[in-house]
Amino acid sequence: TLGVGRGGPPSWFTAHGFTQVDYPTLIDYVDVIKRLWRGETIAHVGPAGDFKGLRLPDPLDAPPPDVVFFHLGGPQASKAAANPVFDGVALANITTPDAMRRSIDMTRKECERIGRDPTTLRFIAPVTSAPELDETLTRIEVAVRIIVYINLPILGDMLIKLNYWDEKIANDIRNHPAFRNIGSGTVDQHFQREQLVEISKMVPDEWLSEVAALGSVDDCVK
């Protein structure tokens, strides 16, 4: 399996001297890769680049990998995921079942609109789990992860929007005094998870139960 995606916020890319790709470029890139896997010699001009005589000198001696598109679940990404170059879609953890369902429904409707059979697209829904853990460990595994995610630039705002979370609660967490002077980098680059347990009590219990599998093993499976 080859996993592809657009990556994090644009600032993460500009810091390394290049830019985040848009959806047409990502789709074009995957199309080029798949044509190379089929043994084609490519003359191609598109968003992914201008290629002449591009080929794999060592042909693929195996079934080609499935290409899975990783994305958060927003409308634009969900529609792009219907493109035939993708064999599967992997959504993000720490999103509610409703958020995942909306994304999958949008993708399937887009498949139908463009004439693709929706059953040809596989969906993967990762779930953070905390089976049979005490309250502290549950908060370390789930609530602290939520804190890290909602503090990410751009992605945090999108996650709050997709999950229909209360923005005031989210902003109270993000504006905690402990985070005011961390400068660049993400929260988890400045704190060990155990250091954020007390702050994680600001995360509502319903947020935890909405986005993660908690409790007994049977509860988690259910």
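## A walk through a predicted model

Cysteine 220 lies in helix α10, which covers residues 217-221. Helices here are DSSP runs of H or I with at least four residues, strands are DSSP runs of E with at least two, and both are numbered from the N terminus. The model is predicted, so local features need pLDDT of at least 70 and side-chain atom pairs count only at pLDDT 80 or more, while totals for chains, interfaces and linings use all residues. Residues are numbered from 1 along each chain as its sequence is written, and side-chain values use heavy atoms, with hydrogens and water left out.

Is cysteine 220 buried or exposed? Cysteine 220 has a relative accessible area of 18% and is therefore buried; the term means under 20%, exposed means over 50%, and partly exposed is in between, with a 1.4 Å probe and protein chains only. Leaving aside neighbours within four places in sequence, cysteine 220 is in contact with Ala130, Pro131, Ala213, Leu214 and Gly215. Contact means heavy atoms within 4.5 Å. Glycine 183 is 37 residues from cysteine 220 along the chain, and their C-alpha atoms are 37 Å apart.

The next stop is helix α5. This helix has 16 residues, 135-150, and at 1.5 Å a residue it should span 22 Å; its end C-alpha atoms are 21 Å apart, which agrees. The expected span is 1.5 Å times one less than the number of residues. A kink of about 30° in α5 is centred on glutamate 141. The bend at a residue is the angle between axes fitted to the seven residues ending there and the seven starting there.

Which residues of α5 are buried? They are Thr138, Arg139, Ile140, Val142, Ala143, Val144, Ile146, Ile147, Val148 and Ile150. The cover over these buried residues includes β7 (128-131), α6 (155-163), α7 (167-174), α8 (197-200), α9 (205-211) and β8 (212-215).

Glycine 53 belongs to strand β3, residues 49-54. Not counting residues up to four places away in sequence, glycine 53 touches Thr41 and Ile42. Valine 89 is 36 residues from glycine 53 along the chain, with 31 Å between their C-alpha atoms.

Now the whole protein. It contains 10 helices and 8 strands, and its C-alpha atoms fill a box of roughly 60 × 40 × 35 Å along the principal axes. Of its 222 residues, 40% are buried. Among contacts between residues at least 6 apart in sequence, 59% join residues at least 24 apart.
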